[in-house]
Amino acid sequence: MTATVEMIIGEEKVQARSGATFDVINPATEQVQATAPEADQADVDRAVDQARKAFDEGPWPKMTPGERGRLLYRYTELIERENDALGRLDTEDMGKPITHSTQHDAPAAADFIRFCAGLCDKLRGSQIPYGASKHIYLLREPVGVVAGILPWNFPLVMAAQKVGPALACGNVIILKPAEQSPRSAVLLGELALEAGIPPGVVNVVTGQGATGAVLVSHPKVDKISFTGSTEVGRSIMHAAAEQIRKVTLELGGKTANIVCADADVDAALAATAFTCSYNSGQICTTGSRLVIHRKLHDGFLDELTSRLGKLKVGDPLESDTKLGPLVSREQHEKVRGYVEVGSRQYTPIVCGNGASAQDRGYYVDPTIFDHVDPDAQIAQEEIFGPVLSVIDFDDEREAIEIANRTSYGLAAALWTNDLSQAHRMAAAIDSSFVWINCTNFWGPSIPYEGHRQSGVGVDMGVELYESYTKIKNVIIDLDNTPNPWATS
Ligand code: ADP
C-alpha cells in the first residue's frame with residue numbers, strides 16, 4: 001500500500017497548498033512506497049511564519065534551559081518507543097539493512113537528542129576581565145530560525161543531528177529531508193509535538209532540491225545547517241552569501257584507510273571490509289581508499305576479496321543482509337558510471353554474490369580496483385557506493401602525502417602498532433577525524449567539523465554551541481574611565 005506523507009507546519013499536518021506531490025521509491029523493489037507533498041514558496045512561507053512566531057513570540061526561547069532539557073528528554077523516550085517504526089521507514093525509503101536502521105541508526109538518533117537534552121542547562125556565556133573600569137559579560141544567544149537540509153544516507157540520524165543542537169541552544173528549526181527519504185523526519189516532527197515541544201519549534205517541509213533552495217534563500221531564516229554533497233553545499237553557501245547568513249556545512253569525503261607494515265592485519269582486514277561497504281558505501285566517511293604498505297598488499301587483498309564476497313547483498317528487510325540497494329536509480333547510475341570509468345584503466349574485482357544482476361532493485365556488488373594511481377578519477381572523487389580504490393605505498397611520508405592528496409579533509413584511519421608513527425601521522429594528516437586502529441567511530445560528544453572542501457562549522461560535541469548561538473557582549477561602565485581608543 002502506498003503511504004501518504006504529510007508535512008508538519010506549526011501544529012498542523014498538511015499537504016502542499018498547490019496539492020503537488022512526488023513519489024518516494026523503495027530502492028529494493030523500485031515500487032512507489034509513498035507520496036509526499038512537494039512544498040513550494042507558499043508552503044515554505046507558511047513554515048517560516050510558524051517558526052518565526054514560535055521563536056519571536058512563543059514560549060520556547062523564554063523557557064529555562066532546564067525546562068527545555070526536560071522536554072528533550074521526553075522526546076528521547078518517544079524516539080526510543082518508536083525505534084522500530086523509525087528504522088523501518090528509513091529501510092523502506094532508502095534501502096539500508098533493517099538491522100542497521102533499527103539497531104544502529106534509531107538508537108543513535110535517540111542518543112544524539114539525549115546528549116543535547118543534557119547540554120541545555122550546561123551552555124553558558126562568560127565574563128571578560130577588564131580591570132575595575134568595566135563589567136563585561138558575553139551572552140550566547142540562539143540564532144533564531146534554523147533551516148536543516150538533510151541527506152538520504154542517514155535520514156533519521158541526520159535529522160536528530162540537526163534538531164538536537166538547534167533546540168539545545170534555544171532555536172527553532174525547519175527540516176527539509178531528502179526527497180528519497182522524507183518519512184523518518186516527518187515522524188520525528190510528530191514526536192516533537194507529542195513530547196510537548198511547542199508547535200512551530202520543529203517543522204518539517206518535504207520536497208525536492210527546489211524546495212530546499214526556496215528555504216535556504218528565505219529572508220526570514222537565520223541559519224542554514226546542511227549535510228550532503230559538496231556540490232549542493234557550494235550552492236547553499238552561495239545562497240547564504242546573498243543574505244550574509246550563518247551556515248554549517250557537512251560535506252563529502254574520500255577517506256584514506258591506511259594499513260602500515262606493522263599493522264594488526266586481522267583487525268585492519270575486518271575494519272576495511274566494514275568501512276568500504278557499510279551502508280553500501282553511502283557515507284561521507286566511507287573508507288573508499290585503501291592505502292596499503294606494499295609488503296602487505298597481496299595477502300591482504302586476497303583475504304579482503306574473500307571477506308567482501310561473503311557479505312550478503314540483498315533484501316534490506318532480511319536480518320542477515322549486510323548491503324542493501326543503493327538509494328535510487330540516479331545513484332545506481334552514478335556508481336555504475338564510476339565502475340565503468342575505473343574499468344577503462346583497471347580490471348575490476350567484483351566481490352558480491354551477484355546481487356547486482358537481480359532483475360529489480362538498485363544493487364551494486366562491492367567492487368575493488370587495484371594498484372590505482374592516487375590521482376585517478378575514482379581515487380579522487382566521492383563515489384558514494386561500495387567501490388574501493390587500492391593504492392600502494394612504501395613509506396610513511398608517501399602514505400601521508402596520498403592521504404592528503406584530495407580536495408576533502410573529513411577522515412582518515414590508520415593501522416599501526418608503532419605509537420610514535422601513529423602520532424606523527426595523525427599530526428600530518430589534514431582531516432577532521434584520524435582514527436587509529438579503529439574506524440568510523442563517532443558519537444554525540446565528538447564534534448564534527450570537515451576540513452577543506454568537507455565542510456564549514458561544527459555539528460555535535462559541546463562545541464556545537466559555536467554554530468548554533470550568536471555572541472552578544474554587554475559592556476557596563478563602572479568608573480567613567482574614558483575609552484582609550486576613542487578620540488574626543
Ligand atoms: P545527492 O545529490 O547525493 O542526492 P544532495 O547533496 O544533492 O544529495 O542533497 C541533499 C539535500 O539537499 C536534499 O535534501 C536535497 O533535496 C537538497 N538540495 C538539493 N539541491 C538543493 C539546493 N540547490 N538548495 C537547497 N537544498 C538542495
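Is Asp430 buried, partly exposed or exposed? Please note that we are looking at a predicted model. In this model Asp430 is partly exposed, because its relative accessible area is 31%.

Asp430 also has a charged partner: it forms a salt bridge with Arg452, and the closest N and O atoms are 2.9 Å apart. Asp430 sits in the loop between helix H14 (419-428) and S20, whereas Arg452 belongs to strand S21, so the pair ties together parts that are 22 residues apart in sequence. Arg452 is likewise partly exposed, at 36% relative accessible area.

The loop between S20 and strand S21 (451-452) contains Cys438. This cysteine is partly exposed, with a relative accessible area of 29%. Setting aside neighbours within four places in sequence, Cys438 is in contact with Ala413 and Trp415. From Cys438 to Leu414 the C-alpha distance is 7.6 Å, although 24 residues separate them in sequence.

Strand S20 leads us to the sheet. Seven strands form an open sheet in the order S15-S16-S17-S14-S13-S19-S20, and the pairing is mixed. At its edges are strand S15 (349-350) and strand S20 (433-436), each of which pairs on one side only. Helix H11 (residues 329-345) packs on this sheet, where it touches strand S16 (367-369) and strand S17 (387-393). The direction of H11 makes about 30° with that of S16. Within the sheet, strand S13 (residues 256-259) and strand S14 (residues 289-293) run parallel and are joined by four bridges. Ala256 stands opposite Arg289 in S14.

I turn now to the other salt bridges. How many does the structure hold? The total is 30. One of them joins the side chains of Glu141 and Lys472, at 3.0 Å from N to O. This pair links distant parts of the chain, since Glu141 is in strand S7 (residues 134-142) and Lys472 in strand S23 (residues 469-477), 331 residues apart.

Another salt bridge brings together the side chains of Asp392 and Arg294, at 3.6 Å from N to O. Asp392 lies in strand S17 and Arg294 in the loop between S14 and helix H10 (297-310), so parts 98 residues apart in sequence are tied together. Asp392 is buried, with a relative accessible area of 11%, whereas Arg294 is partly exposed at 42%.

Finally, consider Ser101, which is found in helix H4 (residues 98-119). Ser101 is buried, as its relative accessible area is 1%. Its side chain reaches the backbone oxygen of Gly87 at 3.0 Å.

Methods: Residues numbered from 1 in each chain as written. Predicted model: local features only at pLDDT ≥ 70, side-chain atom pairs only at ≥ 80, totals over all residues. Heavy atoms only, no water. Pairing = 2+ DSSP bridges. Helix = DSSP H or I, 4+ residues; strand = E, 2+ residues; numbered from the N terminus. Contact = heavy atoms within 4.5 Å. Axes fitted to C-alpha atoms, helices over the stretch in contact; angles between N-to-C directions. Buried < 20%, exposed > 50% of the residue type's maximum accessible area, 1.4 Å probe, protein only. Polar contact = N/O pair within 3.5 Å; in protein donor to acceptor, adjacent residues only side chain to side chain. Salt bridge = Lys/Arg side-chain N within 4 Å of Asp/Glu carboxyl O.
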